[in-house]
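Please open the model in your viewer and keep a selection tool at hand. The stops below each begin with something to select and then say what is there.

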Amino acid sequence: ATAEGDSEIERIVDVDGQPLVHQDVLYAVSYQGKVMALDLKGGQTLWAHDESSYKDLAQGFNHIYVVSDNSTILAYDDKRGDLKWVQESLLRRKLTSPSAYSSYLLVADFKGYLHVLSQSSGEIVARTRIDSSGVRSPILVDGEYFYALANDGKLKAFRLQLKDQ
């Protein structure tokens, strides 16, 4: 990333989210920088796009999911880097890092809502309030269950019930 701006604060370029490794490719995103894919064997850049995030990445359905610094959710093709979809309806809700779960993408927000999105389209398919204190920690996925830690310390476990089950 290239630092830009008039002050030292404006020129901060930082990798805060944890990089992701999937099938010999390293994916990373930086604050005021880029989201990119690097070949682990040769070190070549496979693809890169201007993007700003300080959250962890998620992978699923051949996509890399990014929550931008303004809470836009983006899905990039993990091989070619093509932008597949963008979800802007949660703008400025201070979303958590995304978590892939089954065929869904999970994020929570500062008001304590859990949002469930389709990994293939980015459409919001479900929403529930976890806790009024809000959620900052990423949703933890473990098998068929996922867990949300509210800001007041309450831990809640969830499992999606599909209509045909």
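**Before you start**

This is a predicted model, in which local features need pLDDT of at least 70 and side-chain atom pairs count only at pLDDT 80 or more, while totals for chains, interfaces and linings use all residues. Residues are numbered from 1 along each chain as its sequence is written, and side-chain values use heavy atoms, with hydrogens and water left out.

**The whole chain**

Show the chain as a cartoon, and you will find zero helices and 15 strands, where helices (H or I, at least four residues) and strands (E, at least two) are DSSP runs numbered from the N terminus. Buried residues make up 40% of the 165 residues; buried means under 20% relative accessible area, exposed means over 50%, and partly exposed lies in between (1.4 Å probe, protein chains only). Among contacts between residues at least 6 apart in sequence, 30% join residues at least 24 apart, a contact being heavy atoms within 4.5 Å.

Select strand 2 and strand 3, which run antiparallel and are joined by five bridges; two strands count as paired if DSSP finds at least two bridges between them. V25 stands opposite D39 of strand 3, and in the three residues between the strands of this hairpin, Q32 takes a positive phi near 60°.

**Charged pairs**

Which residues are linked with D77 in a network of salt bridges? D77, R80 and D82 form that network, a salt bridge being a side-chain nitrogen of Lys or Arg within 4 Å of a carboxyl oxygen of Asp or Glu. By this rule the count comes to nine salt bridges.

Select D24 and K41 next, whose closest N and O atoms are 3.5 Å apart in a salt bridge. D24 lies in the loop between strand 1 (20-22) and strand 2 (25-29) and K41 in the loop between strand 3 (33-39) and strand 4 (45-51), so the pair ties together parts that are 17 residues apart in sequence. D24 is partly exposed at a relative accessible area of 41%, whereas K41 is exposed at 69%.

Move to R93 and D109, which meet in a salt bridge at 2.7 Å, N to O. R93 is in the loop between strand 8 and strand 9 (99-101) and D109 in the loop between strand 10 (104-108) and strand 11 (113-118), so this pair ties together parts that are 16 residues apart in sequence. D109 is buried, with a relative accessible area of 0%.

**Aromatic rings**

Finally, select Y101 and F146, an edge-to-face pair with 4.8 Å centre to centre and 70° between the planes. Rings of Phe, Tyr and Trp (its six-membered ring) pair if their centres lie within 6.5 Å, and planes under 30 degrees apart count as stacked, over 60 as edge-to-face and the rest as tilted. Y101 lies in strand 9 and F146 in strand 14, so the pair ties together parts that are 45 residues apart in sequence; Y101 and F146 are both buried. The structure holds six aromatic pairs, and Y27, W47 and Y76 form one aromatic cluster.
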